[in-house]
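Dear colleague,

Please find below the structure that I am handing over to you. My notes on what was found in it follow directly after.

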Amino acid sequence: MREMIEGRENKGRVTILYVEDDDDTRPGIKRLLISHGYRVVIAGNEEEAQERAQDGRIHADLLLIDLGMPPADVLAAGHRIRHAALTDDKTPLVVMAFKYNSEMEGQDVHAGHHDWVTYLENAEQLELLIDRLLREHLTASP
Amino acid sequence: MSAHLRPPTENLILKSLPSDIYARLAPHLEPVALESSQIIHKAHDPVSHFYFPDYAIISVVSIMSDGATVEVGVVGREGVSGTNALLGHDSSPNQSLIQVPGSGLRIKTHLLLTEFNRGGVLQNMLLRYVNSLIAQVSQTAACNRLHTVEERLARWLLMTHDRTHGDELPLTHEFIAQMLGTRRAGVTGAAIALQTEGFIRYSRGNITIIDRAGLEGFACECYKIVKKEFDRALGNRN
């Protein structure tokens, strides 16, 4: 399974459901994910994400969420989306914190078995976290 | 006035003053260190001093009731902070803080106003500067509404680069996000775009400009419009 996410070509099979309600932020993060070979499905809010997940046309290998709310509320929204998507509950969930001070920069906080809150300092941090979580998830999946 | 009485400064307004005017101001100009994030003018507080930065950069920010901030103006060695006092208001709804640390000279408000009210070269120079600052503020408002965060970041980096020594800018994503009024992840995404194009390099807390011409080509029209206004105000001195 490890091979699935190593090469650019193979990474294309890995799908990230990216929920983003900020028009400023969406294009850059989407471009980053695509440049690393992931298939990206975009939703503008929780409801849209649930609709997209429920129609059964996507199977997300990872949920990446940025909503203008405190991390606990975004995690709760992520759990509802994960449940609606009928993906297994081990699908990694990454929440991008949107307001924090410089002391938190660069930290990835484990917020539950498969849940993470990332306090972004740069793009490499997000790339490494997503790559690691996908590697672990896809390796562990049957 | 003998040359040695001129406090050393790189501020373009002070450097441009005729000797007789500068001689009257010089005894009152106080060298100051301007530290990163230091607030020099609090919103709604009376302006106690005008600040003439050298290579320090001052951001003028608008603060909303929920704490959200966005930069509405920037002052570097081409200008002076506290200009609302020149126009008859002793305070401003905006806050001015140090974006890039450095040094500068400051002078008590009433002392500069005394010289300003004499008319002549200093008044003319400061009013031309205020006019260019108004152009900058209005262009920034339009830019924040109409242009992408990548274009705004490019414009903002160029404006910062113009006002500092060298190509390394000590800027965190947090600070840039506050200045551009966007989310942290938005800055991350925009920085990736500029880095991918080869215009900048980002490492923790530092942005290095590596292709200035490319960045100018990428930035929205706002950068050149504002720069032209400042060049005009300063008689194309740089």
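**Findings**

Within chain A, 58% of the contacts with a separation of 6 or more are between residues 24 or more positions apart. Please bear in mind throughout that this is a predicted model.

To begin with chain A as a whole, the chain contains five helices and six strands. Along the sequence these elements follow the pattern α-β-α-β-α-β-α-β-β-β-α. Chain A has 142 residues, and 51% of them count as buried. Its accessible surface is about 6800 Å², with 50% of that belonging to carbon and sulfur atoms.

Glu46(A) belongs to helix 3 of chain A, which covers residues 46-54. Is Glu46(A) buried or exposed? Its relative accessibility is 12%, so Glu46(A) counts as buried, the cut-off being under 20%. If residues up to four places away in sequence are not counted, Glu46(A) touches Val19(A), Ala77(A), Arg80(A) and Ile81(A).

I turn next to the contact between the two chains. Chain A contributes 25 residues to the contact and chain B contributes 19. Together the chains bury about 1700 Å² between them, and 46% of this area is on carbon and sulfur atoms.

Apart from neighbours within four places in sequence, Ala193(B) is in contact with Arg31(A) and Glu150(B). With a relative accessible area of 10%, Ala193(B) is buried. Between Ala193(B) and Glu151(B) there are 9.9 Å in space, C-alpha to C-alpha, while in sequence the two are 42 residues apart.

Two packed helices are described by the angle between their axes and the distance between the axes. Helix 3 of chain B (residues 109-116) packs against helix 4 of chain B (residues 120-146) at an angle of about 110 degrees, and the axes are 8 Å apart. Helix 3 of chain B is therefore roughly perpendicular to helix 4 of chain B, as angles of 65 to 115 degrees count as such. On the side of helix 3 of chain B, the contact is made by Leu112(B), Glu115(B) and Phe116(B). Helix 4 of chain B contributes Leu122(B), Gln123(B), Leu126(B) and Leu127(B). Sorted by class, this contact has five nonpolar residues, one polar residue and one charged residue.

Finally, two loop residues of chain B deserve a note on their backbone. Most residues other than glycine have a negative phi. Ser37(B), a residue other than glycine, has a positive phi near 70 degrees. Ser37(B) lies in the loop between strand 1 (30-34) and strand 2 (39-41) of chain B, and with a relative accessible area of 42% Ser37(B) is partly exposed. His44(B) is not a glycine either, yet its phi is positive, at about 70 degrees. This residue is found in the loop between strand 2 and strand 3 (49-53) of chain B. His44(B) counts as exposed, at 59% relative accessibility.

With kind regards

How values were computed. Residues numbered from 1 in each chain as written. Chains lettered and ligands numbered in written order. Predicted model: local features only at pLDDT ≥ 70, side-chain atom pairs only at ≥ 80, totals over all residues. Heavy atoms only, no water. Axes fitted to C-alpha atoms, helices over the stretch in contact; angles between N-to-C directions. Helix = DSSP H or I, 4+ residues; strand = E, 2+ residues; numbered from the N terminus. Parallel < 35°, antiparallel > 145°, perpendicular 65-115°, else oblique. Contact = heavy atoms within 4.5 Å. Nonpolar A, V, L, I, M, F, W, Y, C, P; charged D, E, K, R; others polar. Buried < 20%, exposed > 50% of the residue type's maximum accessible area, 1.4 Å probe, protein only. Areas by Shrake-Rupley, 256 points an atom, 1.4 Å probe, with all protein chains shown as cover. Buried area = accessible area lost by both parts, 1.4 Å probe.
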